[in-house]
Amino acid sequence: MGARSYYVYILTNRIGGTLYIGVTNDLIRRVGEQKLKLVEGFTEKYDVARLVYFEVFDVVEQAIHREKRLKKWPRAWKISLIEKDNPDWIDLYPEIAGGGG
């Protein structure tokens, strides 16, 4: 069995909008489900489906720990984290899903 990756990701509905932080072992599938509104709950209610940030981990426990820590961060820190690498809040999903972005 090959090495598995785990992802901590941040979704939003618009620049400066509602933020959602999650963890998954299949980022393309998970964000795709949220874009198609197949996931009931917070992301569906607030139309949060723009992938603006993600990190990759080799160990699931590290990914879960990072997710929990990010959720406790002040909003301003989360925004700074996003804008450090994605200042225009571009949806990263097309790039990782093979659409070229």
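How many helices and strands does the protein have? The protein has five helices and three strands, where helices (H or I, at least four residues) and strands (E, at least two) are DSSP runs numbered from the N terminus.

## Model and conventions

This is a predicted model, in which local features need pLDDT of at least 70 and side-chain atom pairs count only at pLDDT 80 or more, while totals for chains, interfaces and linings use all residues. Residues are numbered from 1 along each chain as its sequence is written, and side-chain values use heavy atoms, with hydrogens and water left out.

## Overall dimensions

From the N terminus on, the order of elements is β-β-α-α-β-α-α-α. The C-alpha trace spans about 40 × 30 × 30 Å along its principal axes. The radius of gyration is 13 Å, which agrees with the value near 13 Å for a compact globule of 101 residues; the radius is taken over C-alpha atoms, and the globule rule is 2.2 Å times the number of residues to the power 0.38.

Of the 101 residues, 35% are buried (buried means under 20% relative accessible area, exposed over 50%, partly exposed in between, with a 1.4 Å probe and protein chains only). The accessible surface comes to about 6200 Å², and carbon and sulfur atoms account for 51% of that surface; accessible areas come from the Shrake-Rupley method with a 1.4 Å probe, and for residues only the protein chains shown count as cover. Among contacts with a separation of 6 or more, 61% are between residues 24 or more positions apart, where contact means heavy atoms within 4.5 Å.

## The sheet

The three strands form an open sheet in the order β2-β1-β3, with antiparallel pairing (two strands pair if DSSP finds at least two bridges between them). β2 (19-24) and β3 (50-57) are at the edges with a single partner strand each, so one side of each has no neighbour in the sheet. From one strand to the next, the twist averages 20 degrees.

Strand β1 (residues 6-12) is joined to β2 by six bridges. In this pairing, I10 has I21 as its bridge partner, and L11 stands opposite Y20. The β1 and β2 hairpin has six residues between the strands, and G16 there takes a positive phi near 70 degrees. On the β3 side, β1 pairs over seven bridges, with Y7 opposite V56.

In a regular strand the side chains alternate between the two faces of the sheet. In β1, Y6, V8, I10 and T12 point one way, whereas Y7, Y9 and L11 point the other way. Seven of the seven residues of β1 are buried.

Leaving aside residues up to four places away in sequence, E67 touches V8, I21, G22 and V23.

How values were computed. Axes are lines fitted to C-alpha atoms, for helices over the stretch in contact, and angles run from 0 to 180 degrees between N-to-C directions.
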